[in-house]
Amino acid sequence: DIGTKMPKLPGKRWTGNMSEIFLLERKEALEKYLHDLLRRPEALTNVSVMEFLGMLSDKSKEQKRKRIPATAVMGMVRPGDLVLFRTQGYLPAIQRTVLSSQYDHVGIVVSKSINTYSRQMFGGGLFLLESTNEGVHCYPLKSRLRAWHLSGAVMAIRQLQCEKTDDARTEILREFTNWAE
């Protein structure tokens, strides 16, 4: 049983737990804890540990996750966010297995300057920058999410956390998009 052989978790504090010094010490202690844990062979084969680290996916929990329509996603995402995909098929399954990943494809949300008509037609100025077998392209986000959904792909959003202003982040991503295309 892994529970009896676990390293001791670092202690918590109820007051002063937001100070920079405490947070740095706690971060280092948690990193040491994970390092010590992963040095134990029984931890590397423990389903709970592997699931926590994202190395395994519990399909029963996955079925309980709420499905979000593409229109709702459009209101949530901002430039810089990642959209992760788990697609169907043998090759994507092999890719996920080899990479020990839940996902086999990723795109980054970017914005592009487009005219008002195009903005209405494509659901805003948000696009998905993807590398596919056709090369690197920007696709209108809303229609691309719908296409992936119709193909049976499972999607996850990872939102960018950054200290830059929205305008600065958008400009950096525009430059990146122009370079990538």
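The following legends describe views of a predicted protein model.

**View 1. Helices and strands of the predicted protein.** The fold comprises nine helices and five strands. Followed along the sequence, these elements occur in the order α-α-α-α-α-β-α-β-α-β-β-α-β-α.

**View 2. Contacts and surface of the protein.** Of the contacts in the protein with a separation of 6 or more, 54% are formed by residues 24 or more positions apart. The protein has 181 residues, and 31% of them are buried. Its accessible surface amounts to about 12,800 Å². Carbon and sulfur atoms contribute 57% of that surface.

**View 3. Arg144 in helix α8.** Arg144 belongs to helix α8, which spans residues 141-150. Is this residue buried or exposed? Arg144 counts as buried because its relative accessibility is 19%, and buried means under 20%.

**View 4. The surroundings of Arg144.** Which residues does Arg144 touch, when those up to four places away in sequence are not counted? Its partners are Leu128, Glu130, Thr132 and Tyr139.

**View 5. Arg144 and the ring of Tyr139.** Tyr139 is one of the residues that Arg144 touches. The charged end of Arg144 is placed over the ring of Tyr139. The distance from this charged end to the centre of the ring is 3.8 Å.

**View 6. Aromatic rings in the protein.** A pair of aromatic rings is described by two quantities, the distance of the centres and the angle of the planes. For rings of Phe, Tyr and Trp whose centres lie within 6.5 Å, the count comes to one aromatic pair.

Conventions:
Residues are numbered from 1 along each chain as its sequence is written. This is a predicted model: local features need pLDDT of at least 70, side-chain atom pairs count only at pLDDT 80 or more; totals for chains, interfaces and linings use all residues. Side-chain values use heavy atoms; hydrogens and water are left out. Helices (H or I, at least four residues) and strands (E, at least two) are DSSP runs, numbered from the N terminus. Buried means under 20% relative accessible area, exposed over 50%, partly exposed in between (1.4 Å probe, protein chains only). Contact means heavy atoms within 4.5 Å. Accessible areas come from the Shrake-Rupley method with a 1.4 Å probe; for residues, only the protein chains shown count as cover. Rings of Phe, Tyr and Trp (its six-membered ring) pair if their centres lie within 6.5 Å; planes under 30 degrees apart count as stacked, over 60 as edge-to-face and the rest as tilted. A charge sits over a ring if NZ of Lys or CZ of Arg is within 6 Å of the ring centre and within 35 degrees of the ring normal.
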